[in-house]
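Here is a briefing on a predicted model. Keep the sequence and the structure in view while reading.

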Amino acid sequence: MNSVGEGCTELKREYDQCFNRWFAEKFLKGDRGEDPCTELFKKYQSCVQKAIKEKDIPIDGVEFMGPNKEKPAS
Amino acid sequence: MVKYFNCAASLKGTWDQVSQAFWQRYPNPYSNHVLTEDIIFREVTPDNRLISRRLLTKTSRVPRWAEKFLPGHMARKAYIIEDSVVDPQKRTTVSFTWNITHARLMSVQERCVYTVSLDNSNMTEVKREAWISSNLCGFSRAVQEFGLARFKSSVVKTMKGFEYVLARMQGETPTRTLAETATEKARETALAAKEKAKGLASHAQKKQYVAMKTLIPTGLNTSALEP
């Protein structure tokens with residue numbers, strides 16, 4: 001899947017691959033070793049965060065799970 | 001005023017499989033409206049839950065006639081945030097998804113909870129809730145109705161996409177046949193035609209609205225004019 005930053009798609013693909021493997025083989029199994037994808041994530045983030053600024057995508061200050069807080073519990 | 005919608009469905013796959021598919025959902029044959037996908041935040045909490053924020057760009061899902069209320073360069077795109085918490089101990093994933101652009105025109109907020117099905121541990125239960133609202137003066141009800149109809153059809157696509165990715169992960173050939181693809185195409189064409197007709201009707205209605213607005217003083221409660 002393409003990244004919002006045209007130049008970030010390859011970095012994203014490499015990170016996704018690493019993440020999917022870690023998620024299935026370590027995280028879901030409760031294995032809390034070192035995250036092997038940290039470096040790939042950093043590289044990918046520096047690219048995509050720049051693209052978000054350039055495109056003025058309004059994510060600044062958006063709280064985690066933001067609007068969920070006003071909703072009744074399911 | 002907010003429209004509320006909820007539904008529950010099951011996915012064929014263990015909670016672990018569905019959780020993996022959750023991150024590999026795009027692209028799939030039912031996600032043509034998803035243009036880009038990025039993880040823009042991710043962290044494992046001290047109590048071992050994975051929290052993530054995904055940023056999606058989707059083609060704008062507003063009525064044609066409503067596009068004139070959008071800034072030109074943004075008219076065809078909407079940015080969506082999907083925050084999620086995956087808890088492998090409790091085997092629960094919660095996601096909350098909402099649009100961060102065009103929210104005055106139409107705001108769609110969705111919460112999904114994925115849990116192991118009580119009847120069958122090889123199945124995963126998805127509980128979905130949505131809140132749809134609009135602040136567009138005089139048109140809010142029309143936009144909400146439109147939003148709800150669009151949302152319901154997008155839920156079908158989401159679930160089909162999920163099933164497709166799950167089947168592919170489980171090594172099966174996804175069950176989407178050529179015939180189904182053809183039917184889908186025909187349905188989309190029909191839908192587009194219907195949309196166009198609706199657009200024309202609303203356009204006529206809007207003309208009438210504008211005409212009436214010029215006849216009556218501004219600042220009047222226009223709720224009587226809502227369709």
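Between chain B and chain A there is 1 salt bridge. Glu37(B) and Lys12(A) form this kind of pair, with their closest N and O atoms 3.0 Å apart. Polar contacts across the interface of chain B and chain A come to 16 residue pairs.

**The side of chain B that touches chain A**

- Seven named elements of chain B each give two or more residues to this side: helix H1 (15-23) and strands S2 (34-44), S3 (50-59), S4 (77-87), S5 (92-99), S6 and S7 (123-133).
- S2(B) provides the largest share, 10 residues.
- By residue class, this side of chain B has 25 nonpolar, 12 polar and 10 charged residues.
- The contact involves 47 residues of chain B and 36 residues of chain A.
- Together, chain B and chain A bury about 3,400 Å² between them. Carbon and sulfur atoms account for 65% of that area.

**Salt bridges**

- Over all chains, the structure has 16 salt bridges.
- Lys12(A) also pairs with Asp16(A), at 2.7 Å from N to O.
- Lys12(A) and Asp16(A) sit about one helical turn from each other, because they are 4 residues apart in helix H1 (residues 9-25) of chain A.
- Both Lys12(A) and Asp16(A) are buried.
- Glu37(B) has a salt bridge with Arg54(B) as well, the closest N and O atoms lying 2.8 Å apart.
- That pair links distant parts of the chain: Glu37(B) is in strand S2 of chain B and Arg54(B) is in strand S3 of chain B, 17 residues apart.
- Glu37(B) is buried, as is Arg54(B).
- Arg53(B) meets Asp83(B) in a salt bridge of 2.7 Å, N to O.
- Here too the pair links distant parts of the chain, with Arg53(B) in strand S3 of chain B and Asp83(B) in strand S4 of chain B, 30 residues apart.
- Arg53(B) counts as buried because its relative accessibility is 9%. Asp83(B) is buried, with a relative accessible area of 0%.
- One network, joined by salt bridges that share partners, takes in Lys12(A), Asp16(A), Arg25(B), Glu37(B), Arg54(B) and Glu82(B).

**Nonpolar cores**

- The largest nonpolar core has 54 residues. Phe23(A) and Leu55(B) touch the most other members.
- Helix H2 (residues 140-169) of chain B gives the most to this core, 8 residues.
- Leu55(B) has contacts in both chains, leaving aside neighbours within four places in sequence. In chain A, its partners are Val4(A), Ile52(A), Ile57(A) and Ile59(A). In chain B, they are Thr36(B), Glu37(B), Asp38(B), Ile40(B), Tyr79(B), Ile80(B) and Ile81(B).
- Another core, of 5 residues, lies apart from the largest one; among its members are Tyr26(B), Leu56(B), Ala78(B) and Ile80(B).

**Ile57(A)**

- Ile57(A) is found in the segment after helix H2 (38-54) of chain A.
- With a relative accessibility of 5%, Ile57(A) counts as buried, because buried means under 20%.
- From Ile57(A) to Leu40(A) the separation is 17 residues in sequence and 23 Å in space, C-alpha to C-alpha.

**Ser107(B)**

- Ser107(B) belongs to strand S6 (residues 107-116) of chain B.
- Ser107(B) is buried, at a relative accessible area of 11%.
- Beyond residues up to four places away in sequence, Ser107(B) touches Asn99(B), Trp131(B), Ile132(B) and Ser133(B).

**Ala8(B)**

- Ala8(B) is part of strand S1 (residues 2-12) of chain B.
- Is Ala8(B) buried or exposed? Ala8(B) counts as exposed, at 51% relative accessibility, because the cut-off for exposed is over 50%.
- Ala8(B) touches Glu125(B), Val126(B) and Lys127(B), with residues up to four places away in sequence not counted.
- How many residues separate Ala8(B) and Lys127(B) in sequence? They are 119 residues apart in sequence, and 4.5 Å apart in space, C-alpha to C-alpha.

Definitions and conventions:
Residues are numbered from 1 along each chain as its sequence is written. Chains are lettered from A and ligands numbered from 1 in the order in which they are written. This is a predicted model: local features need pLDDT of at least 70, side-chain atom pairs count only at pLDDT 80 or more; totals for chains, interfaces and linings use all residues. Side-chain values use heavy atoms; hydrogens and water are left out. Buried means under 20% relative accessible area, exposed over 50%, partly exposed in between (1.4 Å probe, protein chains only). Contact means heavy atoms within 4.5 Å. Buried area is the accessible area (1.4 Å probe) that two parts lose on being put together, summed over both. A salt bridge is a side-chain nitrogen of Lys or Arg within 4 Å of a carboxyl oxygen of Asp or Glu. A polar contact is a pair of N or O atoms within 3.5 Å; within protein, one must be able to donate a hydrogen and the other to accept it, and residues adjacent in sequence count only if both atoms are side-chain atoms. Ala, Val, Leu, Ile, Met, Phe, Trp, Tyr, Cys and Pro count as nonpolar, Asp, Glu, Lys and Arg as charged, and the others, Gly among them, as polar. A nonpolar core is a set of buried Ala, Val, Leu, Ile, Met, Phe, Trp, Tyr and Cys residues joined through side-chain atoms within 4.5 Å.
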